[in-house]
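Some words used for residues rest on a cut-off.

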Amino acid sequence: MEFLIISGLSGAGKSRVAAILEDLGYYCVDNMPVVLIPKFAELCLSLKGRYERVALVTDVRSGENFEGLFESLDALNKLGCEFKIVFVEAAIDVIIHRYKETRRRHPLNVDGQSIEETATKEAAMLEPVRRRADYLIDTTSLSVAKLRERLIELFAQDKKDRSIIVSVISFGFKYGLPIESDLVFDVRFMPNPYYVDSLREKTGLDESVSRFVFEWPQMGEFMERLKSMIDFLLPLYIQEGKTSLVIGIGCTGGQHRSVAVANALGDHMQLCGYHTVVSHRDISRS
């Protein structure tokens, strides 16, 4: 089991880190009390494979909890549970700016101290945890996209598969566009199998329809250009932090041409290593 402990400065982005790790396949729990960490790990181990990748966010906000964190880490060692500590930090002036933007109170500010004083106090309190950390992530100058890129680099099992989910949807224009689509491609320029008597009652899932669609030279060129465009765009979307991409492929009724093309594009995406889901919105309409 892969077990991560996420700690660090308040306002540095621990919850954001957890959200990105969740996208990468981790089971994440935010604000886990340190005393419960060994029990939670024990439960995960007893389930034998159900939770293979776990990340827990814990805040150390008092001397008691600070000592308790190390006691819990010692208990993990006794359980034979290997773990890594991810420490998230940022410059004090950046943390001050973030708190002013959100108008939230710093969790250690209980006696009217300034954000600078409480953030500095917390940094000193957490220094022993920082020294034990396996990964230091400084979010001072990191955009969300760059933070995601950094976490993918460190923790993604398969960078392509885990970093984005591609959904390819076939549809019929006469029933409207899929509102969730990011990209839409119109394949109504191709000859329509609907007007071939032997193919009318079939769909793009049938080999005879697919063969009809792809026997035309212009379709071969279209597919090469389409695949090349998607291959170019996907790494750029990933770099900018996009976690899902919905591609709509439309024809008139959503039963023949769009279905065949969506399947072909989905097969290509799978071969490229992306997590791909293909669906056919209008295939069952009469």
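Q: What makes Asp93, Asp111, Glu116 and Glu117 a negative surface patch?
A: In this predicted model, Asp93, Asp111, Glu116 and Glu117 form the patch. Asp and Glu count as negative, and like charges are joined within 9 Å when their residues have over 30% relative accessible area and no salt bridge.

Q: Why is aspartate 93 called exposed?
A: The relative accessible area of aspartate 93 is 53%. Exposed means over 50%, so aspartate 93 is exposed. Aspartate 93 lies in helix H4, which covers residues 92-102.

Q: Why is histidine 268 called buried?
A: Histidine 268 has a relative accessible area of 15%. The word buried applies under 20%, therefore histidine 268 is buried. Its place is in helix H11, residues 257-271.

Q: Which residues does histidine 268 touch, not counting residues up to four places away in sequence?
A: Histidine 268 touches Lys227 and Asp231. To count as a contact, heavy atoms must be within 4.5 Å.

Q: Why does leucine 45 count as partly exposed?
A: Leucine 45 has 35% relative accessibility. Buried needs under 20% and exposed needs over 50%, with partly exposed in between, so leucine 45 is partly exposed. Leucine 45 is found in helix H2, residues 37-46.

Q: What does leucine 45 touch, leaving out residues up to four places away in sequence?
A: Leucine 45 touches Met1, Leu79 and Cys81. The C-alpha atoms of leucine 45 and leucine 79 are separated by 9.2 Å, and the two residues are 34 residues apart along the chain.

Methods: Residues are numbered from 1 along each chain as its sequence is written. This is a predicted model: local features need pLDDT of at least 70, side-chain atom pairs count only at pLDDT 80 or more; totals for chains, interfaces and linings use all residues. Side-chain values use heavy atoms; hydrogens and water are left out. Helices (H or I, at least four residues) and strands (E, at least two) are DSSP runs, numbered from the N terminus. Buried means under 20% relative accessible area, exposed over 50%, partly exposed in between (1.4 Å probe, protein chains only). Patches are made of residues with over 30% relative accessible area and no salt bridge: like charges are joined within 9 Å, nonpolar side chains (Val, Leu, Ile, Met, Phe, Trp, Tyr) within 5 Å. Accessible areas come from the Shrake-Rupley method with a 1.4 Å probe; for residues, only the protein chains shown count as cover. A salt bridge is a side-chain nitrogen of Lys or Arg within 4 Å of a carboxyl oxygen of Asp or Glu. The place of a charge is taken as NZ of Lys, CZ of Arg, CG of Asp or CD of Glu.
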